[in-house]
Amino acid sequence: ASAASESAKSHPMWSSRMAFILAASGSAVGLGNIWKFPYITGENGGAAFVLVYLLCIAIVGIPIMIAEVMIGRRGGGSPLQSMRKLVADSGLSSRWKWLGGMGMLASFLILSFYSVIGGWAMTYVGNSVSGNFVGATTEQIGAIFGNLLGNPGELLLWHTLFMSLVILIVARGIRSGMEKAINILMPLLFVLLLVMVGYAMNTDHFAAGFSFLFSPDFSKLTTEGVLTALGHAFFTLSLGMGVMMAYGSYLPKQVSIVKTAVTVSVLDTVVALLAGLAIFPLVFANGLEPGAGPGLIFQTLPLAFSQMPGGVLFGTLFFVLLVVAAVTSAISLLEPVVEWLEEKPAISRFGATLIAGLSVWLLGIVTVLSFNVWADVTPLAMFERFEGKTLFDLLDFVTANLMMPLSGLLVAVFVGWFMSKQITEGELKLGNGLALNVFMFVLRYLTPAAVLVVFVYNLL
Ligand code: PHE
Ligand code: NA
C-alpha cells in the first residue's frame with residue numbers, strides 16, 4: 001500500500017508558463033495591493049513614496065523572488081524539503097533547511113488572520129449588494145465596521161466560509177483545483193479593476209488622483225515612508241513565506257525564472273497602481289482624506305459609494321474584486337504547509353489540506369477574538385513598543401516585521417554567498433557574463449543591506 005501511495009504521489013507541474021504566471025500573480029495580487037498600497041501611499045503623501053516603492057520592487061523584490069522560485073524549482077519539494085536538498089547538494093550545514101521551515105510557519109500564521117480580513121471583504125459584498133451604504137453617513141458607515149468587529153460570532157462565520165472556500169480549492173490539487181480557479185479569478189479581477197478605473201476616469205477628479213500618484217513632491221517623503229515602502233515590497237510580492245518556493249517547485253524546467261519573476265512583479269505593481277487610480281479619484285471627488293489609514297477602503301470608500309450614482313453596483317464590484325484577490329493569495333498561503341504534509345507517505349493531498357486548513361481555521365479564532373472579547377488581552381504590554389497590541393497585532397508584527405524580512409534576508413544571503421553558484425547558473429540560464437554578475441552583486445550586497453536596514457529599524 002505504501003509503494004502504491006508513493007507512486008501515486010508523482011510531483012505535479014503547472015500546465016504552462018502562463019499557468020505559473022497566473023498562480024504567482026494570484027498570490028502576489030491581494031489585500032496588499034487593493035487595501036494596503038492605497039492607504040500607505042495616502043499616509044505617506046503620494047508620488048514620492050510610490051517612486052521609492054518602485055525602486056524597492058526592483059532592487060529587493062525581484063531578486064528575492066528569483067532566488068525563491070529558483071530554490072523551489074531546483075529543490076522540487078516543500079520549502080523545507082527543497083532547502084534540505086539544496087543544502088545537501090551544496091555541501092552546507094543542514095541548519096539552513098530551517099530557512100524553509102520558517103517560511104512555512106510564517107505563511108501558516110499569516111493565513112490565520114488573512115482569512116479573517118478576507119471574511120470582512122465578504123461581508124462588505126453583502127453590505128453593498130443590499131444597499132446598506134446608500135445615503136449612509138460617516139457615523140453609520142463607521143458603525144457598520146465597528147459592529148462587525150465587535151461581533152465574534154459574525155467574524156467567525158465569515159472566517160469559516162472564507163477558509164472553507166480556500167480548503168475546497170487547495171484540496172483539489174495544483175492542476176484541477178488551483179489552476180482552474182485561478183484561470184477564472186485572475187481575468188475576472190483584471191476586468192473588475194479596469195471597470196473601476198474606467199469609472200474613476202469619468203469623475204472630475206481623475207487628474208487629481210493621477211497626479212497624487214505620479215507627480216512626486218519629495219518634501220513629503222520621510223524615513224518612515226522609505227522603510228514602509230521596502231517592507232511593503234516584501235509583502236506585496238509574497239516573499240519570505242515559502243510561497244514562491246512552493247509555487248516554484250511546480251514550475252516546469254524549461255520555463256525562464258527571470259522572465260516570469262519580472263512579469264509577476266510587473267503585474268503586481270500594475271494592479272497596485274490601478275487600484276490607486278481607481279480609489280484616489282473617488283477619495284478626492286468626495287472630499288475625503290487620502291491619509292485615512294487602514295480604514296480607507298472599509299470606511300472611507302463605502303462613503304464614496306454611498307454618495308455616487310451607481311454606488312451599489314460599483315461598491316459591490318469593488319468588494320467582489322477584493323474577495324477574489326484575497327482568495328487567490330490565501331490559497332498560496334496554504335500551499336507550503338500542504339505540500340510539506342503531503343510529502344509524508346501516509347498523508348494524501350486531501351488529508352494534508354484538511355489538517356493544514358483546520359489548524360489555520362482554529363488559530364484564526366485568536367484573531368477573531370482579538371477585536372472583541374480579547375481586545376484587552378495585550379500579553380506584551382510591559383514593553384512600551386507593544387503597549388495596546390492585541391494578539392492579532394502581535395501575530396501581524398511577528399510575521400510581517402520579523403519573520404518575512406529575516407527570511408528574505410537569509411534567502412538573499414544563502415543564494416548570494418553560500419549555495420553553489422553552478423545551481424544558479426544552471427537554473428537562471430543567464431550565461432556566465434554581465435547579467436549573472438549583476439544579479440549576484442545585487443543579491444550579495446544591495447538586497448541584504450536594504451533588508452537589514454528595515455529589519456533593524458523595525459526592531460528599534
Ligand atoms: N502578496 C499578498 C498581497 O499583496 C499577500 C501575501 C503575502 C500572500 C505573502 C502570500 C504570501 O496581499
Ligand atoms: Na501584492
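A cavity, on a 1 Å grid over the protein atoms alone, is a set of points where a 1.4 Å probe fits but cannot get out; a residue lines it if it has an atom within 4 Å of a point. Everything below comes from a predicted model, where local features need pLDDT of at least 70, side-chain atom pairs count only at pLDDT 80 or more, and totals for chains, interfaces and linings use all residues. Residues are numbered from 1 along each chain as its sequence is written, chains are lettered from A and ligands numbered from 1 in the order in which they are written, and side-chain values use heavy atoms, leaving out hydrogens and water.

**View 1. The second largest cavity has a volume of about 40 Å³.** A volume here is the space filled by probe spheres set on the grid points, which are joined across faces, edges and corners. The lining is made up of Ser 128, Gly 131, Phe 133, Val 134, Phe 305, Ser 306, Gly 311, Val 312 and Gly 315. Helix 15 gives the most to this lining, with 3 residues. Helices are DSSP runs (H or I, at least four residues), numbered from the N terminus. By class, the lining splits into 4 nonpolar, 5 polar and no charged residues. For that sorting, Ala, Val, Leu, Ile, Met, Phe, Trp, Tyr, Cys and Pro are nonpolar, Asp, Glu, Lys and Arg are charged, and the others, Gly among them, are polar.

**View 2. Asn 132 sits in the loop between helix 6 (98-129) and helix 7 (138-150).** Neighbours within four places in sequence aside, Asn 132 is in contact (heavy atoms within 4.5 Å) with Asn 127 and Ile 144.

View 3. A polar side-chain atom of Asn 33 lies 3.3 Å from an oxygen atom of ligand 1. On the nitrogen side, a backbone N or O atom of Thr 236 is 3.1 Å from a nitrogen atom of the ligand, while a side-chain N or O atom of Ser 238 is 3.0 Å from a nitrogen atom of ligand 1.

**View 4. The largest cavity has a volume of about 130 Å³.** Of its 17 lining residues, Ser 27, Tyr 114, Phe 235, Ser 238 and Leu 333 are the closest to its centre. The lining has 9 nonpolar, 8 polar and no charged residues.

**View 5. His 159 lies in helix 8 (residues 152-171).** His 159 is buried because its relative accessible area is 0%. Not counting residues up to four places away in sequence, His 159 touches several others, including Ser 112, Trp 361 and Val 368.

How values were computed:
Helix = DSSP H or I, 4+ residues; strand = E, 2+ residues; numbered from the N terminus. Polar contact = N/O pair within 3.5 Å; in protein donor to acceptor, adjacent residues only side chain to side chain. Buried < 20%, exposed > 50% of the residue type's maximum accessible area, 1.4 Å probe, protein only. 1 Å grid on protein atoms, 1.4 Å probe; cavity = no way out; pocket = protein on both sides within 12 Å on 5 of 7 lines; lining within 4 Å.
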